[in-house]
Structures are given as structure tokens and as C-alpha cells.
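Please have the sequence and the model at hand while reading.

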Amino acid sequence: MLRMSGGQALVRSLVREGVEVVFGVPGIQLYGIVSALRDEPALRMITTRHEQATTYMADGYARATGKPGVALVVPGTGLYNAAAGIATAYARCSPVLVIAGQIPRDQIGKNRGAVHEIADQPSVVRPVTKWQTTVLTVSEIPDAVNEAFRQMRTGCPRPALIEIPPDVGVEREEVTLRRPTPVSPLVPSQDRLREAASAIAQSRLPLIYAGGGVARSDAEAALVRLADSTNVPVITSVGGKGTIPDSHPLSYGSCVSPRGERHEMNQLYEVMQSADVVIGIGTRFSLGNPAGESSILININVDDRELMSVQSNTIPLHGDARATIEALLPLLRQVGAGDRPSPAEAVIAARRLIAYYDIQDEEPQYPILKVLQDSIPDDAFVVWDVSQFGFYARTHFQVNHPKTYIDSGYSFNLGYSFPTALGVKVAQPDRPVLCIVGDGGFLFNSSELSTAVRYGINVTTIIFRNDSYGNVARDLDELFGGTYETDLHNPDFVDFARSFGAVGMRADRPEDLSRLIPRALEHPNPVIIDVPVRNMPLPRPRALQHIPSLSWAVPERDQTPAP
């Protein structure tokens, strides 16, 4: 046993779990922790300009590495500010540990108006955390940290919360540090695996639908082996982009919507509908299985709550994606599941049809996205904000390296992308990292440009500027007879960047990105590229094409029954 302060116990426990960086904002309730971080050479702290960025950066770090990211915030309003990033991490099953301060131990629950006091603080983020605890003594800290990391490394790896009162951070006790808990990946029973292998072998038109759980399990290579060895083609969810290279001959691509009005969405939807066996891997099937009860759903998921929620005609495989695929492969060879002819020609023809319809329709996003595609290195991480180009990228941006496509999932947070990209770059300093964002979203967290310059986090940020909340403006104008309060007053983004000591570039037109992006990626400093798109007649983003069918997104209608 060692005698140490609560802050020291926390920091040394984090080091034992492999943590190398903490994203945080120092505050009065955290002095014991911050001083311990200062004195620990194996850890560094990156101080952000707002608590919201701490959890966004931790999420970006986690998604780029597969290792938990750690955020440190003061209690009360600090945790409230960080909640948006926690919600995004929850939506994308990202392992983020949030360490929050508390008010002094003997004041908790007494409603005396302590600084940053809120009643039942953990309830603030309970819906978007997997596990929570409050430590009230120094000796409890190692066990709390150990359990938090076990929770984040098993099952669905969602955020965890540890709250620590300030007096615990400075008190000293005898402490026993813990070693990380060994984690064995969950594998389904042999009987279930054989049943699944037999169904795949007997299928006529099988299809793999791969989700974000493939990336969380580091199962990308295993997924490619599964497709290659069985000649089963793959569609990915948006969260699954990059789990199989889009250039792979058996990859249809991403984004399926049963309500899609564009031809390419219907094309992928029709592929799903024709399947007699759908192999779902690490996906929630949030839109339901388009193939429906007429197909057999082989559902591989580490979260047992998701196994039978889609349809009754399911073979549930409760297990880790990579471990389950690896256990299934030899059984598939035994039953001859790889004997079917390759569907590669049909897959390639479908992909060409998707591109053809885009060109025929002259969608203005398409040539701009092509400029981005041709100018961004293939192995770059790209973080997409909620924007018109972000919607379009879900289907059309080609991803050929694991974990390099990052978005906010169903959390859909406007403005999350810039600090998240900073976290990605901290995790992968030798890889190109780009943030694609609109002007409305960028200013949500633009103060973190200070953080980027201070710590030398050289992310390239492309701001598509139309001086408005463009999606909302368009929908109000088209559906409600006119927009309202959607125009924005922006700074000169080039001067704004330079005022922080970053590099500012300006494109006269989007096509200029073909020369500006390579220049930007050569800079050792953060780069902002201002791209005007104000006069572009952008069409309705793909994800929202079904807006007219949503009763709450159109003007109020008379609900009185007809006589």
C-alpha cells in the first residue's frame, strides 16, 4: 500500500489503465487532481477554452485510437457544458471517461448553495452514460477507475462518469492501486454459430450490413475476410463507413433509407429488400431491417438488448464483432459457404448507377465533394459536421481506411466537428486530419482555435460559408412560406484565424480547394480555409428528403375529420 492524495491516486490509476492525455478545464474543485497531473510525467493535460470541447476532444481521441478518452470538468455547470460531447459519444458507442468535480463531501444533498452545486449531479448525464459512481474517500478511487475502464472495454463501450468531491482530491490515505482488469471478448455458443453458418451456406442472396460496432471491435480486417471467403457483399451504415474499403469489389457503399426519394438510396434499399439472409454486424438497425420478416437476420451484437429488437426471424449471435466473425469463419468453410459465385460485377454496376444518377441530376454538391475526395489523402481522418456537405458525404464520400470517417451519429450535434477533430489529431499526430464544417457550426466551438495553436494541433478546417443556417433557411422557405432569423453575421474567417496565430486561406470558389488543401496539409500550424458557397442553389440534403412526410416539419394541418 502507498500513502497518497486522492488526486495522486486518480492520476496513477489512469496511468495504469494506459491513459496518456486528459482533456480538461482546471477549476477550484479540481485543484488536488490538477496538481497531481502536473507532477505526473506520464500524463499530459490539454486545457480547452470551454468544457464542451473536453468531451468532444476525448471522443475524437477515442474514435481515432479505440482507447478510452478522458475528460476533466468542474461540477454543476461544467458537467452541463460537457454533456453535448457525452451525448455524442453515447450515440457513437465511444468510450469516454468523464471525471467531474463535486461540492465538498459534507455539503452534498443539503442544498446550501455551494459553488456549482446542483442536486443529484449524476442525473444530469445518466441517460447518456453507461456507468456512474461517486467516490467519497481516497481509498475508493482505484476501484472506481478500474471499474470504469472495465465497463468501457466490455459490451457496448459507452461513456462512464466518476465524480470526486474536492476534499477527496487533497486528503491522503493508504491506497492499493489496481491492475487493469483482463477482458476476454464475448463469443456466441458453437450451436448458435453453426446455425448461422448453415443459414448463410443455404442462402440465395445473402448480404452483410456492417455498423459502427465493427470499428469499435477493431474487426475491419475480419469483416473483409468474411466477405472475401463467402462472396457475400457488404452495405455499411453511416457509422460503419470505412469498416470495409469503399474500393473493395464487394462493397456497395453506405447509407440506406426506406424513405429515400433519390435513385441511389432506393438502389441500396432494393438490394437490402432482395436479400434472403442479412448478416448484421455491430449495428442497431435503427431504421429496421428493410428485408423484413421474409429474410433471416443473423444479428451479431455485443449489446444483448439489440439482438431481438429488429424482427422475430432472427438468429442472435451475442458477441464481440471481431471474435464472433473469427469464430464463424472456420464453420463457414466447413459447410462450403464460399462456393457461391462472386457478385462483384453486380456490385460495381450498382455503384456506377448511383454515380450516374448524381451526374445526370447535376447535383451541385457532387463536383465539390469530388474536389474534396481528390484533394484529401486517402489515409486522412475527416470529421464531418452537420451540414449540407456532411449529409451528402454519408453516401458519396469514399472511405478506404478504418476509423477515418467520423460524424456525430444520431446525436446530430451542430458544431461538434472542430473540437472532435482536434482530439483526433492529438491521437494521430502523424496522420492528416481535416474538419469539414459550415460557418454556423464552426462558431459553436471556434474558441478552440486558441487550444489548437497553443498545443500545435495542426488540423485543417474547411468552412463552407453561406452566412446562414442554410438547411433550416431552405426548409422554412420551401415548406413554411419564408425563412426567419436564419441569417448569420460572420467574422472574416481568414483574419479570425490569423488573429490566433493560425493560418488563414481563402478560396474564391470551391474548386480552389484542389490547390489549397495540399498547401494546408503541409503547414505545421492549424489552418482555416474559408470557402464561399452562398450563391449555390443547394438541394435538400439527402437525409432530410422525407421532411414533407413528417407531420411536425410542415405547417400545421387541420386535423378535423372530413364529414
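Buried denotes a relative accessible area under 20%, exposed one over 50%, and partly exposed one in between, with a 1.4 Å probe and protein chains only. The model is predicted, so local features need pLDDT of at least 70 and side-chain atom pairs count only at pLDDT 80 or more, while totals for chains, interfaces and linings use all residues. Residues are numbered from 1 along each chain as its sequence is written, and side-chain values use heavy atoms, with hydrogens and water left out.

**Salt bridges**

- A salt bridge is a side-chain nitrogen of Lys or Arg within 4 Å of a carboxyl oxygen of Asp or Glu; the structure holds 26 of them.
- Arg465, Asp467, Asp492, Arg506 and Asp530 are joined in a salt-bridge network.

**Individual pairs**

- Asp407 pairs with Arg92, with the closest N and O atoms 2.7 Å apart.
- This pair links distant parts of the chain, 315 residues apart, and both Asp407 and Arg92 are buried.
- Lys403 forms a salt bridge with Asp218, the closest N and O atoms again lying 2.7 Å apart.
- Lys403 and Asp218 are 185 residues apart in the chain.
- Lys403 counts as buried because its relative accessible area is 12%, whereas Asp218, at 36%, is partly exposed.
- In the bridge between Asp512 and Arg515, the closest N and O atoms are 3.9 Å apart.
- Asp512 is buried, at 8% relative accessible area, and Arg515 is partly exposed, at 42%.

**Helix H14**

- Helices (H or I, at least four residues) and strands (E, at least two) are DSSP runs numbered from the N terminus.
- H14 spans residues 388–396, and nine of its nine residues are buried, including Phe389, Tyr392 and Arg394.
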